[in-house]
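Please keep the sequence and the structure in view while reading.

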Amino acid sequence: MSIEKAQFVSWFRSASPYIHVHRGKTFVIQVNDKVIHSDEFTGLVHDLALLTNLGIKLALVFGTRDSIESYLDEKQANSEYHNDIRITDADTMEFAKEVAGRLLMDIQAGLSMGLGNTPMSNAEIRVNTGNYVSAKPMGIIDGVNYEFTGKTRHIDVDAMLDKLANGEIIVLPPVGYSITGEAYNLPAVAMAADVAIALQADKLIYFMEKDQQAVFMGEKQANQLNQAEAQGLLTRVDGRSDSYFCLKNAIEACDNGVERVHMLNQEQDGAILNELFSRDGSGLMITTSAYDVVRKATSDDIGGILDLIKPLEQQGILVKRSREKLELEANCFTILIRDGVIIGCVGLYPHPDDKVAEVACLAVHPDYHNDGCGNQLLDEIENEARRLDINQLFVLTTQTEHWFLERGFNEASPGNLPIEKQALYNYHRNAKVLIKKFEV
Ligand SMILES: CC(C)(COP(=O)(O)OP(=O)(O)OC[C@H]1O[C@@H](n2cnc3c(N)ncnc32)[C@H](O)[C@@H]1OP(=O)(O)O)[C@@H](O)C(=O)NCCC(=O)NCCS
């Protein structure tokens with residue numbers, strides 16, 4: 001997606017709660033050659049430039065399948081497949097090397113292009129590539145000899161991490177070299193999973209054909225699956241399809257320590273930015289982390305909320321609330337539940353006549369700090385407030401001023417509060433008043 005300079009400020013404002021979550025993280029991204037030859041490629045280059053400049057470490061694995069297919073078509077030849085993996089003969093391997101080299105240059109050219117009229121206009125992206133992946137032959141499976149189709153043998157993780165730490169984007173062709181000096185054609189989807197596992201990447205991101213990705217999106221309303229749900233989905237997907245192969249590798253990556261795998265539609269402009277920097281995302285995410293539920297509280301949840309906020313009340317961080325008061329106000333609360341335990345809460349108290357609402361009692365259990373839970377809760381009540389036709393939030397805080405300022409709140413004074421709230425303002429506590437106006 002080309003975010004032009006003029007749009008950048010508003011994009012940055014909406015994305016800012018997510019930026020700190022991703023900064024310093026390592027993502028492995030897999031694209032196929034169709035994307036590289038499409039109109040969407042320029043937009044993707046802009047997105048990758050933006051991600052790098054936000055401090056995200058990127059390794060890009062590209063595929064060569066379409067180019068090889070066209071080459072074979074021209075020659076009126078066919079590749080044989082077994083288990084959805086091409087059997088690469090010597091002639092096709094020669095072409096695979098040629099096309100990998102060409103695509104590598106196309107990608108490097110793309111990543112070197114000036115990004116005029118975008119916020120990245122003077123940003124230089126350093127691209128790195130190398131023999132990080134060694135391979136071995138896939139061998140003979142079910143009596144079928146895969147010839148020059150290989151699989152990953154070893155990944156030079158230290159060397160890759162070194163380059164990534166240096167801010168370089170690593171671009172990897174789907175070719176691995178054996179210690180006997182031969183090159184092997186690697187299935188890019190599997191190779192990307194291997195690289196993500198070896199690097200213990202925070203995310204593996206697959207860009208998929210629209211139709212293949214749609215297979216997943218129709219399956220479930222939510223855009224998030226845990227590993228067990230993903231395994232269930234695998235049994236319902238056609239075992240000969242690209243979707244199956246991709247999902248199988250995604251699960252494999254999750255099973256081996258990659259926390260999140262995203263499957264995005266490669267034809268959707270800005271898919272990666274939408275997925276990473278918005279609450280609802282744009283694709284399907286498979287996650288190893290426990291499944292979170294965010295919902296409105298009921299009176300049954302008051303015990304869990306009290307457990308969470310009591311220590312903070314005792315430290316004077318939160319104002320004391322009695323059980324009775326909480327029970328009366330339960331419907332003002334939104335809670336975040338992980339594995340059945342309430343690990344976060346926040347209250348929204350509307351003053352409908354003034355079209356403003358108070359954010360209160362925001363708390364996340366200390367075991368889960370710095371994982372975006374606070375953001376998630378704030379997002380949730382901001383959406384709720386908008387639905388209630390509220391156009392301004394306020395919060396009174398003694399120790400969390402900067403957290404709110406970084407999320408679009410601005411300093412105000414007690415005089416800016418609704419009249420009934422002004423009367424209750426405790427000058428002894430001297431809490432800061434912060435206000436966030438919604439853009440109309
Ligand atoms: C404030 C709070 C809800 C944030 O929850 P969280 O899930 O850790 O928040 P997120 O993961 O979304 O954000 C983490 C970021 O906020 C920063 N942060 C946490 N507390 C902060 C504070 N008091 N002031 C400024 N920044 C703070 C963290 O350092 C981290 O920033 P980093 O990524 O740059 O290191 C949590 O720290 C908490 O429960 N605090 C005690 C209760 C409280 O103060 N509530 C506010 C009452 S008005």
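With a relative accessibility of 66%, Arg 240 counts as exposed, where exposed means over 50% relative accessible area, buried under 20% and partly exposed in between (1.4 Å probe, protein chains only). The model is a predicted one, in which local features need pLDDT of at least 70 and side-chain atom pairs count only at pLDDT 80 or more, while totals for chains, interfaces and linings use all residues. Residues are numbered from 1 along each chain as its sequence is written, and side-chain values use heavy atoms, with hydrogens and water left out.

**Salt bridges**

- The structure contains 17 salt bridges; a salt bridge is a side-chain nitrogen of Lys or Arg within 4 Å of a carboxyl oxygen of Asp or Glu.
- Arg 240 takes part in a salt bridge with Asp 238, and their closest N and O atoms are 3.2 Å apart. Asp 238 counts as partly exposed, at 39% relative accessibility.
- Glu 382, Arg 386 and Lys 436 are joined in a network of salt bridges.

- Asp 242 and Arg 65 form a salt bridge whose closest N and O atoms lie 3.2 Å apart. This pair connects distant parts of the chain, since Asp 242 belongs to helix α10 (residues 242-255) and Arg 65 to helix α4 (residues 65-74), 177 residues apart. Helices (H or I, at least four residues) and strands (E, at least two) are DSSP runs, numbered from the N terminus.
- Asp 242 is partly exposed at 28% relative accessibility, and Arg 65 is partly exposed with a relative accessible area of 32%.
- Glu 384 and Lys 296 also meet through their side chains in a salt bridge (2.9 Å, N to O). Here too distant parts of the chain are linked: Glu 384 lies in helix α14 (residues 373-387) and Lys 296 in strand β17 (residues 292-296), 88 residues apart.
- Glu 384 is buried, with a relative accessible area of 13%, whereas Lys 296 counts as partly exposed at 34%.

**Helix α3**

- Helix α3 (residues 40-53) consists of 14 residues and spans 20 Å from its first C-alpha to its last, close to the expected 20 Å. The expected span is 1.5 Å times one less than the number of residues.
- Because 11 of its 14 residues are buried, α3 is largely enclosed by the rest of the structure. Among these buried residues are Phe 41, His 46, Asp 47 and Thr 52.
- After α3 comes Gly 55, which has a positive phi, near 90°.
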